[in-house]
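Trainee: I am new to this structure and would like to learn how to read it. Could you take me through it feature by feature?

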Amino acid sequence: MIEAHHLHHAYGRRPVLRGVDLRAGQGEVVGLVGPNGSGKSTLVRALYGAITPDRGSVVLDGVPLGALRRREVARRVAVVVQDAAQELPLSVADVVELGTLPHRRPGRARDDRVVAQALRRVGVDHLADRMVGALSGGERQRVLVARALAQQTSHLLLDEPTNHLDIRYQHEVLALVRDLGLTTVVVLHDLNLAARYCDRLVLLREGRVHAAGPVADVLAVVPDVYGLRAQRVDADDGTRQLLFRRGDARTEPHGAAPGSTEGPG
Ligand SMILES: Nc1ncnc2c1ncn2[C@@H]1O[C@H](COP(=O)(O)OP(=O)(O)OP(=O)(O)O)[C@@H](O)[C@H]1O
């Protein structure tokens, strides 16, 4: 379980997090959504200790993050963010192997089995010997997910993991993330992907939690936050999707004509 209690953070004098609470229970997938600049990445950084919030605390399985050494955090929390791995002269297998480091004892050989398994699970085993800098954005993104798997943690944080992925891999990666059964916080811009793969959503707006809870409840206030019109569509797998277009913020019921209006719900 990972919890954020009343986090405040400012870059210089500009407050970016203003009293944010978040909780992802064991095995739960929590989607973090919100407009550009609302503080999602900053919150994720605070969750794994990349930044220390000005106020508030992060608690990992009951232990304050500040009480854990970096290596202990890395044994419990894997992170998939856009990072600088692409700049390193490393092969894909090398990058994924970096994920195993928090568990490695000095002098012990690398565990090729864990690396191979992680590569296979994300479907990038055929890329193992390629240089990571020579991959496409989507291939590199999947390699970063494989690195996170190789880290064998109970918690997973992902910041826009579907960035660069084609539509098939967007679904494959998020389905994989779901299947892992880890305690997960995932930043997503695509609200329909968030609705499909998350247990709950947290919607940030200007550094505050604007809404949090079941997917349907949070989606109901989305048009208001983004200033868009949304039409609800009930998919045949039971999930609810939203079609967005510009216009006054409101949600139209399933099948409504574009001009008709109805409050959210
Ligand atoms: N290192 C930094 N120094 C100064 N300001 C920053 C820094 N990182 C982020 N910010 C600012 O903090 C605010 C929140 O940024 P953050 O990246 O957390 O938002 P976000 O919700 O993830 O945005 P996006 O959807 O665009 O990725 C933005 O206004 C951003 O410009």
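Predicted model: local features only at pLDDT ≥ 70, side-chain atom pairs only at ≥ 80, totals over all residues.

Trainee: Which residues surround the ligand?

Mentor: The ligand is surrounded by Tyr11, Val16, Gly34, Asn36, Gly37, Ser38, Gly39, Lys40, Ser41 and Thr42.

Trainee: Thank you. How do I read the core, and how many residues does the largest nonpolar core have?

Mentor: The general idea first: in soluble globular proteins, nonpolar side chains tend to be buried together. Here the largest nonpolar core has 71 residues, and Leu43, Leu47, Val96 and Ala146 have the most contacts inside it. Helix α5 (residues 137–150) supplies the largest share of this core, with seven residues.

Trainee: What does leucine 43 touch?

Mentor: Setting aside residues up to four places away in sequence, leucine 43 touches Ala4, Leu7, Leu17, Val20, Leu22 and Leu32.

Trainee: Now a helix, please. Which residues of helix α4 are buried?

Mentor: In helix α4 (residues 112–121), the buried residues are Val115, Ala118 and Leu119. They cover an arc of only 100° around the axis, which puts them on the same side of α4. What they pack against is α3 (92–98) and α5. Just after α4 comes glycine 123, with a positive phi of about 75°.

Trainee: Which residues have a positive phi without being glycine?

Mentor: Look at glutamine 152 and glutamate 206. Glutamine 152 has a positive phi of about 50°, and its place is the loop between α5 and β7 (155–159). For glutamate 206, phi is near 50°, and this residue is found in the loop between β9 (200–205) and β10 (208–214).

Trainee: Why do glutamine 152 and glutamate 206 count as partly exposed?

Mentor: Count the C-beta atoms within 10 Å: 20 or more means buried, 12 or fewer means exposed, and partly exposed is in between. Glutamine 152 is partly exposed because it has 18 C-beta neighbours inside 10 Å. Glutamate 206 is partly exposed because 14 other C-beta atoms lie within 10 Å.

Trainee: Let me try that on alanine 194. Is alanine 194 buried or exposed?

Mentor: Alanine 194 is buried, because 25 other C-beta atoms lie within 10 Å. You will find alanine 194 in helix α7 (residues 191–197). Beyond its neighbours within four places in sequence, alanine 194 is in contact with Gly31, Val33, Leu188 and Leu201. As for glycine 37, one of the residues around the ligand, its C-alpha atom is separated by 18 Å from that of alanine 194, 157 residues apart along the chain.

Trainee: Last, the sheet. What is the order of the strands in the open sheet of four?

Mentor: The order is β2-β1-β4-β5, with antiparallel pairing. At the edges stand β2 (14–24) and β5 (63–64), each with a single partner strand, so one side of each is left without a neighbour in the sheet. Further in, strand β1 (residues 2–11) and strand β4 (residues 55–60) pair in the antiparallel sense over five bridges. To see how they line up, find histidine 8, which stands opposite arginine 55 in β4.

Technical notes: Residues numbered from 1 in each chain as written. Core = buried A, V, L, I, M, F, W, Y, C linked by C-beta atoms within 7 Å. Helix = DSSP H or I, 4+ residues; strand = E, 2+ residues; numbered from the N terminus. Contact = placed C-beta atoms within 7 Å. Near = placed C-beta within 6 Å. Arc of directions from axis to C-beta. Pairing = 2+ DSSP bridges.
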